[in-house]
Amino acid sequence: MSARKLKVIVTRKLPDPVETRMCELFDTQLNVTDKPLTADELVEAMNQADVLVPTITDRIDGRLLSRSGDRLKLIANFGAGVDNIDVATANARGIIVTNTPGVLTEDTADLTMTLIMAASRRVVEGAEVVKAGGFHGWSPTWMLGRRLWGKRLGIIGMGRIGQAVARRAKAFGMQVHYHNRKPVSPRIAEEVGATYWESLDQMLARMDIISVNCPHTPATYHLLSARRLKLLRPQSIIVNTARGEVIDEGALANMLARGEIAGAGLDVYEHEPAINPKLLKLPNVVLLPHMGSATVEGRIDMGEKVIVNVKTFMDGHRPPDRVIPSML
């Protein structure tokens with residue numbers, strides 16, 4: 001592979017330092033307009049490239065992969081998740097898939113805590129009142145939110161991000177609980193004082209705040225179904241910085257509208273970029289535009305991971321962040 005520069009096609013605009021380095025190392029085709037590629041344009045790119053560098057906005061399913069030629073050998077995803085790619089079909093066609101794990105952990109955990117605080121203390125609601133000229137002085141019963149200290153936080157998915165959220169929550173005096181496929185190591189559990197729940201249903205019924213930090217896989221689609229959402233207490237708050245498909249968004253919107261859940265903080269949505277219209281009208285919901293990993297440092301780190309994966313592949317070695325179907 002090292003005899004020539006690989007043809008690398010990038011589907012979206014990446015940070016300048018990342019694009020510059022990619023152009024130095026590879027025969028790189030950039031997307032300077034940052035306009036998402038259509039399905040036909042993705043197929044064209046896959047037939048022209050040795051390496052495709054897509055993002056979560058590119059849905060590379062089995063149908064598209066079946067139209068790719070024999071030239072494409074690597075899909076180096078610019079993102080930690082790979083739910084936008086049919087990894088099994090890619091693997092069957094001899095196409096390696098990589099991602100960018102680990103580098104977004106702290107940024108996403110920061111935003112998770114931001115949403116927990118914003119939803120609990122009605123931060124966005126209060127800021128909008130001030131901007132609209134509605135602040136007429138302090139009142140002892142106005143804009144009352146909920147204290148974080150002493151509250152029970154239930155984390156769904158105790159991977160890197162879930163653990164980073166747990167560390168932050170402990171610093172805020174929260175009691176950390178979690179549901180995961182298996183318990184974390186005793187060292188980590190002791191570090192954050194975390195209580196493991198094998199039963200998600202039992203944990204949901206006892207928490208003040210729920211944080212969704214698990215990946216979207218077939219097993220986690222609508223993990224928080226209408227039935228499970230009904231287990232939440234009326235004063236509870238739910239935060240999602242993972243993937244929108246993990247929650248039944250329609251059921252969540254209906255329960256929030258009826259006051260059956262106190263509030264929500266959402267950075268991701270089930271049919272992104274579309275958002276359930278009911279959520280847009282509710283004062284007890286904080287909505288962000290999928291910005292959990294949106295830091296300058298995080299995006300550059302992601303790009304550097306992509307470059308390492310492509311360069312390692314070009315040199316004839318196994319990319320360090322390869323994703324195989326059995327991992328999902």
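A residue is called buried under 20% relative accessible area, exposed over 50% and partly exposed in between, using a 1.4 Å probe and protein chains only. The model described here is predicted: local features need pLDDT of at least 70 and side-chain atom pairs count only at pLDDT 80 or more, while totals for chains, interfaces and linings use all residues. Residues are numbered from 1 along each chain as its sequence is written, and side-chain values use heavy atoms, leaving out hydrogens and water.

**Salt bridges**
- A salt bridge is a side-chain nitrogen of Lys or Arg within 4 Å of a carboxyl oxygen of Asp or Glu; the count by this rule is 18.
- R168 and E106 form one, with their closest N and O atoms 2.7 Å apart. This pair links distant parts of the chain, 62 residues apart, with R168 in helix α7 and E106 in helix α5.
- E106 counts as partly exposed because its relative accessibility is 42%, whereas R168 is buried at a relative accessible area of 19%.
- R71 and D50 also meet through their side chains in a salt bridge (3.2 Å, N to O).
- D50 is buried at 5% relative accessible area, and R71 is partly exposed at 38% relative accessibility.

**Helix α7**
- Helices (H or I, at least four residues) and strands (E, at least two) are DSSP runs, numbered from the N terminus.
- Among the buried residues of α7 are G162, V165 and R168.
- The buried residues of α7 pack against α5, β6, β7, α8 and β9, where contact means heavy atoms within 4.5 Å.
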